[in-house]
Amino acid sequence: MATILIPTPLRKFTNNSAKLQVQATTIKETVDELILNFPDLKKHLLDDQGNIRSFVNIFVGNDDIRDLQQENTAVKEETVISIIPAIAGGTF
Amino acid sequence: MAIQFQANSFQELVADAEKTFPDECCGFMAGKEDGEERIITAILPVINSKEGDKKRRYLVSPMDYMKAEQWAEDNNLQLLGIYHSHPNHPSVPSEHDRVAAQPYFSYVIASIMDGAFANIQSWRLNDDFQFEEETITN
């Protein structure tokens, strides 16, 4: 099963789990399974159109899925997936 | 909701904000939670990765974010929030701050006026994605 690393800000929605295992073959299946198990994660991971929010980065190993096959990026048994919140802002 | 700075964390945060002026600084805060109060015992300054106008924007790279999570774990600390500065601007979050904000984290903003520390406030996102101020107790 693939491993997902949950960032600190989202752990309150995963019963404080920092690391989860999923049975999935793509990133889309991974996100769907996460939301199925932890429905409160949905509004923090997906926008109103059901796409991954622009302020959420998903990495497979050290690679951003935006540089791979986006949500269709393949997931294998040994894959480590990181959900990385975008940390940004500014004065005005 | 309250937040308290211990050790040299407050001084280090202000020093980073003043040193980075007129650009925005940014970094992580870590420590322990004690009920509704957060105790900050360490800060981790990171490079403002924003390409372009760093005087009014900041960005933490995904790699720096991953390193910060690992740094907190290695030091047996809880990652509790983010700090950044507002050069020549009040310590109040902008709409840009709010839209990008993550749940749970405290967002500390240091106002730096003409290169010198002026004010500091801390904010947390509520369930309606709006910022609420949390008290700084020191």
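This is a predicted model: local features need pLDDT of at least 70, side-chain atom pairs count only at pLDDT 80 or more; totals for chains, interfaces and linings use all residues.
Start with chain A. Its five strands form an open sheet in the order E2-E1-E5-E3-E4, and the pairing is mixed. Two strands sit at the edges, E2 and E4 (63-64) of chain A, and each of these pairs on one side only. At one end of the order, E1(A) and E2(A) run antiparallel and share four bridges. Within that pairing, A:Leu5 stands opposite A:Lys19 of E2(A).

H1(A) lies across E1, E2, E3 and E5 of chain A. Its direction is at about 115° to that of E2(A). Chain B also contributes to this sheet: helix H2 of chain B, residues 62-74, packs on it and touches E3 and E5 of chain A. The direction of that chain B helix makes about 105° with that of E5(A).

Which residues of H1(A) are buried? The helix spans residues 27-37, and the buried ones are A:Ile27, A:Thr30, A:Val31, A:Leu34 and A:Ile35. Viewed down the axis of H1(A), these buried residues fall within an arc of 125°, so they line one face of the helix. An α-helix has 3.6 residues a turn, so residues three or four places apart point the same way. What covers the buried residues of H1(A)? The cover includes strands E1 (2-5), E2 (19-22), E3 (56-60) and E5 (80-85), together with helix H2 (42-45), of chain A.

Turn to chain B. Here seven strands make a closed barrel, running E1-E3-E2-E5-E6-E7-E8 with mixed pairing. From one strand to the next, the twist averages 40°. Helix H1 of chain B, residues 9-20, packs on this sheet. H1(B) touches E1 (2-5), E2, E3, E5 (78-87), E6 (106-113) and E7 (116-125) of chain B. Its direction makes about 35° with that of E3(B).

Follow the strand pairings next. E2(B), residues 26-34, and E3(B), residues 37-46, are antiparallel and pair over nine bridges. There, B:Lys32 faces B:Ile39 of E3(B). E2(B) also runs antiparallel to E5(B), with six bridges joining the two. B:Gly27 has B:Tyr83 in E5(B) as its bridge partner. The next step is parallel: seven bridges join E5(B) to E6(B). In this pairing, B:Ile82 stands opposite B:Tyr107 of E6(B). How many residues of E5(B) are buried? Nine of its 10 residues are, and the strand is mostly covered.

Finish with the aromatic rings. Over all chains, the structure holds five aromatic pairs. One is formed by B:Tyr104 and B:Phe105: the ring centres lie 6.3 Å apart and the planes meet at 45°, so the pair is tilted. Are these two residues buried or exposed? B:Tyr104 has 12% relative accessibility and counts as buried, because the cut-off for that term is under 20%. B:Phe105 is buried too, with a relative accessible area of 0%. Elsewhere in the chain B sequence, B:Phe5, B:Phe10 and B:Phe117 form one aromatic cluster.

Note on methods. Residues are numbered from 1 along each chain as its sequence is written. Chains are lettered from A and ligands numbered from 1 in the order in which they are written. Side-chain values use heavy atoms; hydrogens and water are left out. Rings of Phe, Tyr and Trp (its six-membered ring) pair if their centres lie within 6.5 Å; planes under 30 degrees apart count as stacked, over 60 as edge-to-face and the rest as tilted. Buried means under 20% relative accessible area, exposed over 50%, partly exposed in between (1.4 Å probe, protein chains only). The arc is that of the directions from the helix axis to the C-beta atoms. Contact means heavy atoms within 4.5 Å. Two strands pair if DSSP finds at least two bridges between them. Axes are lines fitted to C-alpha atoms, for helices over the stretch in contact, and angles run from 0 to 180 degrees between N-to-C directions.
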